[in-house]
Amino acid sequence: MVIKEYLEPRFEKIFSRNSYGYRPNKCAHQALESVRSNCRKFDWVIDLDIKGFFDNINHDKLMLAIESHVPENWAKMYIRRWLSTPILLKTEVLEEKQGKGTPQGGVVSPFRLQVV
């Protein structure tokens, strides 16, 4: 939570105002209102499906993006640790990461650390 609170304001400054996913003070209702407004102004649409994106995001590429926005070594160290921490399966077997995928469902979920 400390790193999220520390980094989030910095990333908020660079996100598109049209980005609504996993953002503080933004919700699906605002996204729909934006769609309604934009469809009256433009005759084109961009639709992105990110299914499986967070399961497959490359750690090296993510860290390159983090490097360009996060100069603090202590923060990068924790992010690297979160990315490489093995997952304990229901079978009580530790599954090692293979250089891809991000933790989901917690404070450090990918959408909290997304970089655009």
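**Charged pairs and their surroundings**

Mentor: Start with Arg 80, which counts as partly exposed because its relative accessible area is 40%. On this scale buried means under 20%, exposed means over 50%, and partly exposed lies in between (1.4 Å probe, protein chains only). A word on the source: this is a predicted model, where local features need pLDDT of at least 70, side-chain atom pairs need pLDDT 80 or more, and totals for chains, interfaces and linings use all residues. Residues are numbered from 1 along each chain as its sequence is written, and side-chain values use heavy atoms, without hydrogens or water.

Now the partner. Glu 67 has a relative accessible area of 37%, so Glu 67 is partly exposed. The two side chains form a salt bridge, 2.9 Å from N to O. The term covers a side-chain nitrogen of Lys or Arg within 4 Å of a carboxyl oxygen of Asp or Glu. This pair links distant parts of the chain. Arg 80 belongs to helix α5, residues 73-84, and Glu 67 to helix α4, residues 59-69. They are 13 residues apart. Helices here are DSSP runs of H or I, at least four residues long, numbered from the N terminus. Lys 76 comes in as well: salt bridges that share partners join Glu 67, Lys 76 and Arg 80 into one network.

The structure holds six salt bridges. Take Arg 23 next. Arg 23 bonds to Glu 12 in a salt bridge whose closest N and O atoms are 2.8 Å apart. This pair, too, links distant parts of the chain. Arg 23 sits in the loop between α1 (2-12) and α2, while Glu 12 is in helix α1, eleven residues apart. Arg 23 counts as buried because its relative accessibility is 8%. Glu 12, at 24%, counts as partly exposed.

A local case follows. Glu 33 and Arg 36 form a salt bridge with closest N and O atoms 3.2 Å apart. Both lie in helix α2, three residues apart, or about one turn of the helix. Glu 33 has 44% relative accessibility and so counts as partly exposed. Arg 36 is partly exposed at 42%.

Next, a charged residue in a loop. Glu 72 lies between α4 and α5. Its relative accessible area is 16%, so Glu 72 is buried. The side chain of Glu 72 makes a polar contact with the side chain of Arg 10, at 3.0 Å. That term means N or O atoms within 3.5 Å, one able to donate a hydrogen and the other to accept it; residues adjacent in sequence count only if both are side-chain atoms. Beyond neighbours within four places in sequence, Glu 72 is in contact (heavy atoms within 4.5 Å) with Tyr 6 and Arg 10.

Finally, the nonpolar side of these helices. The largest nonpolar core has twelve residues, including Phe 11, Ile 66, Ile 79 and Leu 83. Helices α1, α4 and α5 each supply at least two residues of this core. A core joins buried Ala, Val, Leu, Ile, Met, Phe, Trp, Tyr and Cys through side-chain atoms within 4.5 Å. With neighbours within four places in sequence left aside, Leu 83 touches His 59, Leu 62, Met 63, Lys 97, Gly 101, Thr 102 and Pro 103. Of those, Leu 62 and Met 63 are also core members.
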